[in-house]
Amino acid sequence: MPVGVTVFDIWTRGTMTSDTYDLLDRQLLNGLLIDGRAGFSTMAEVFGVSDQTIARRYRRLRASGVRVLARLQPAMFGDTVWFIRLRCTPDAAVPIATALAKRPDTSYIKLTSGGTEINCIVHAPDDDARDALLLQKLPRTPRIVSMTAHCLIHTFYGGPQTWNGSPDALTPEQVLALVPPPVHEAEHVTLDADDRLLLAELQKDGRMSYRELAAATGMSETSARRRVEHLRRSGAMYFDVEFDPEPLGFHTTAMLWLTVSPAALASVGKAVGQHPEIAFAAATTGTSNLCAVAICRNSAHLYRYLSGTLGSLDDVRHIETAPVMRTIKQLSYD
């Protein structure tokens with residue numbers, strides 16, 4: 001998230017930039033990962049630079065593809081999350097993936113396995129929506145060779161937890177200065193019409209000011225602030241950061257499908273979620289009952305991870321690795 005998923009989150013782009021991030025870029029990116037709505041003045045004070053410098057650097061990062069977007073916790077709203085794997089004829093993968101990317105219920109659409117397989121996430125608010133896509137539309141799509149659907153049943157790492165390619169960019173004191181107020185997770189949250197208006201805007205740009213949110217939704221700045229803070233502190237909404245790991249020196253991303261002994265699924269999933277290479281890890285239904293996203297510096301790093309850290313785990317019976325060739329959609333589609 002879904003690397004990010006996200007950060008399921010996190011991806012390897014089809015066209016990559018050779019630019020790299022300097023220390024301040026990495027500090028700013030880390031600050032956004034800690035709190036996507038942290039103020040420029042707050043970060044400027046923590047990093048020891050001017051507000052103008054932070055604003056300028058943020059504009060540059062945004063131009064390079066860094067985006068802060070609001071996301072909901074699907075479990076709090078009764079939504080079901082599905083991982084879909086579509087095997088297509090080589091000429092069909094890109095147009096099918098592009099069509100899927102235009103749907104509001106899809107995210108993290110990636111081409112893997114040499115460009116002949118599409119991996120994507122589908123959020124189904126109800127059984128009818130699920131059946132319409134999984135049982136009717138996709139199976140009838142020409143040039144789809146096969147389809148498997150895996151229901152997400154538990155997340156070990158991902159969502160509000162975000163992969164960080166440069167954790168040493170900030171000191172522990174700087175991290176503490178940026179941590180947002182604690183979340184008091186509610187069992188269930190109901191969104192009203194005003195909440196949905198706010199969410200629609202924050203899913204376009206999670207850093208919209210309260211003045212901009214008020215103008216876009218017709219509510220007062222005070223009401224907009226109060227509702228956003230309520231959704232965050234209830235755990236219903238969090239802010240995700242889309243970014244390319246390439247400028248941080250990470251050039252290889254792979255989808256991992258693991259088959260784990262059922263009795264050890266919890267312990268293996270927890271262990272995998274703690275590996276620094278992992279951007280997302282979740283238990284799913286299906287023969288492969290653990291899905292993960294690994295981000296590595298290169299293919300040699302991926303090999304060392306698969307043969308060493310991951311391969312040394314007991315109760316992992318099988319690992320399928322699918323390198324990401326291209327990302328069609330992260331959280332939103334332009």
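Reader: How many bridges join β3 to strand β10, and in which sense do they run?

Author: Two strands pair if DSSP finds at least two bridges between them. Here 4 bridges join β3 to β10 (residues 316-329), and the two run antiparallel. Within β10, arginine 326 is the bridge partner of leucine 111. Before we go on, a word on the source: this is a predicted model, where local features need pLDDT of at least 70, side-chain atom pairs count only at pLDDT 80 or more, and totals for chains, interfaces and linings use all residues. Residues are numbered from 1 along each chain as its sequence is written, and side-chain values use heavy atoms, with hydrogens and water left out.

Reader: Thanks! And how do β3 and strand β4 pair?

Author: They pair in the antiparallel sense over 5 bridges, with β4 covering residues 117-124. Valine 122 in β4 is the bridge partner of threonine 106. The hairpin of β3 and β4 has 4 residues between the strands, and serine 113 takes a positive phi near 55 degrees there. Helices and strands are DSSP runs, numbered from the N terminus (helices are H or I, at least four residues; strands are E, at least two).

Reader: How many residues of strand β3 are buried?

Author: Buried means under 20% relative accessible area, exposed over 50%, and partly exposed in between (1.4 Å probe, protein chains only). In β3 (residues 106-112), 7 of the 7 residues are buried, so the strand is largely enclosed by the rest of the structure.

Reader: Let's turn to a helix. Which residues are buried in α3?

Author: The general idea first: an α-helix has 3.6 residues a turn, so residues three or four places apart point the same way. In α3, the buried residues are Thr53, Ile54, Ala55, Arg57, Tyr58 and Leu61. Their cover includes α1 (23-34) and α2 (40-47), counting contact as heavy atoms within 4.5 Å. Just after α3, glycine 65 takes a positive phi of about 115 degrees.

Reader: Is glutamate 201 buried or exposed?

Author: Glutamate 201 is buried, with a relative accessible area of 16%. This residue is found in helix α7 (residues 193-202). Leaving aside residues up to four places away in sequence, glutamate 201 touches Met208, Leu213, Ala216 and Thr217.

Reader: Stepping back, how many helices and strands does the protein chain have?

Author: The chain has 11 helices and 10 strands. Buried residues make up 52% of its 334 residues. Along the principal axes, the C-alpha atoms fill a box of roughly 50 × 45 × 40 Å.
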